[in-house]
Amino acid sequence: MWIMNSNYQKPDEFWPKLAEDLSALISGEENAIANLANISSWLFHALPELNWCGFYLWNEVDQELILGPFQGKPACIRIQSGRGVCGTAYRDQKTLRVDDVASFPGHIACDSESQSELVIPLQQFGVLDLDSPKLNRFSKRDEVELTRIMNQLLPMLKF
Ligand code: SME
C-alpha cells in the first residue's frame, strides 16, 4: 500500500520527497505503461489543483503523440508534433509553462476546465502534461523541479 508522505506538508521537503517517492514507486518494475500509470496517479494526488495529469507517447508508426496513462477526464487521443502545448513542447524538446491556455495559439482544449498547463518533454518518448483549473497554477519552481524529476526517472523507464 502506498501512502502519501506527511513530509509533503513541509515546503522544504516537498520536492526531494516527491522525487524519492516516485523513484521508489517505479523501482523493481520494468513495464513502462504500468510505471507511467502510477507516476500520473502519484503526481495527480500529490500536487494540488490539478484537473488532469498524464502522458502523451510518441508513436513511431503513426508519427504522432498518442494518449498514454493519465488521471482526469477522457482526453483527445492524437496530437501531431508541433500542435498545441504538448506537440510544441515535444517538437522543441522544451518544457512549456502556460499561465493562461487561452493565450497559447493552437491550444487544444480537451477539458474545458483547464486554465493553465505545464508540459515536460521526455526526450523522443513523449511528454508529461499537467493541467490546472486555475490560472497561473504552475510556478517556475514547479517547472524546474518537475523537469529535473522526470529527467531523473527517464533512465528508469524502459519504453
Ligand atoms: N491541452 C493540450 C492537449 C492535451 S489535454 O490538455 C489533456 C495541448 O494543447 O497540448
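Here is a short walk through the structure, one selection at a time.

**Before you click.** You're looking at a predicted model, where local features need pLDDT of at least 70, side-chain atom pairs count only at pLDDT 80 or more, and totals for chains, interfaces and linings use all residues. Residues are numbered from 1 along each chain as its sequence is written, and side-chain values use heavy atoms, with hydrogens and water left out.

**Stop 1: two helices.** Select residues 11-26 (helix H1) and residues 32-46 (helix H2). Helices (H or I, at least four residues) and strands (E, at least two) are DSSP runs, numbered from the N terminus. The axes of H1 and H2 come within 10 Å and cross at roughly 155°; axes are lines fitted to C-alpha atoms, for helices over the stretch in contact, and angles run from 0 to 180 degrees between N-to-C directions. H1 and H2 are therefore roughly antiparallel to each other (that label is for angles over 145 degrees).

Now show side chains. On H1, pick Phe14, Leu18, Asp21, Leu22, Leu25 and Ile26; on H2, pick Asn35, Asn38, Ile39, Trp42, Leu43 and Ala46. Those residues make the contact (heavy atoms within 4.5 Å).

Stop 2: Click glutamate 49, in the loop between H2 and E1. Glutamate 49 isn't a glycine, yet has a positive phi of about 60°. Buried means under 20% relative accessible area, exposed over 50%, partly exposed in between (1.4 Å probe, protein chains only).

**Stop 3: paired strands.** Select residues 52-59 (strand E1) and 64-72 (strand E2): they run antiparallel, joined by 7 bridges. Two strands pair if DSSP finds at least two bridges between them. Zoom in on tryptophan 58, whose bridge partner in E2 is leucine 65. In the hairpin of E1 and E2, with 4 residues between the strands, find glutamine 63 and its positive phi near 55°.

Isoleucine 66 stands opposite arginine 78 in E3, and the hairpin from E2 to E3 goes through 5 residues.

**Stop 4: a glycine in a strand.** Finish at glycine 126, in strand E6 (residues 126-132). Glycine 126 is buried, with a relative accessible area of 0%. Which residues does glycine 126 touch, not counting residues up to four places away in sequence? Tyr56, Leu57, Trp58, Leu65, Tyr90, Ile120 and Pro121.

Technical notes
Angles under 35 degrees count as roughly parallel, over 145 as roughly antiparallel, 65 to 115 as roughly perpendicular and the rest as oblique.
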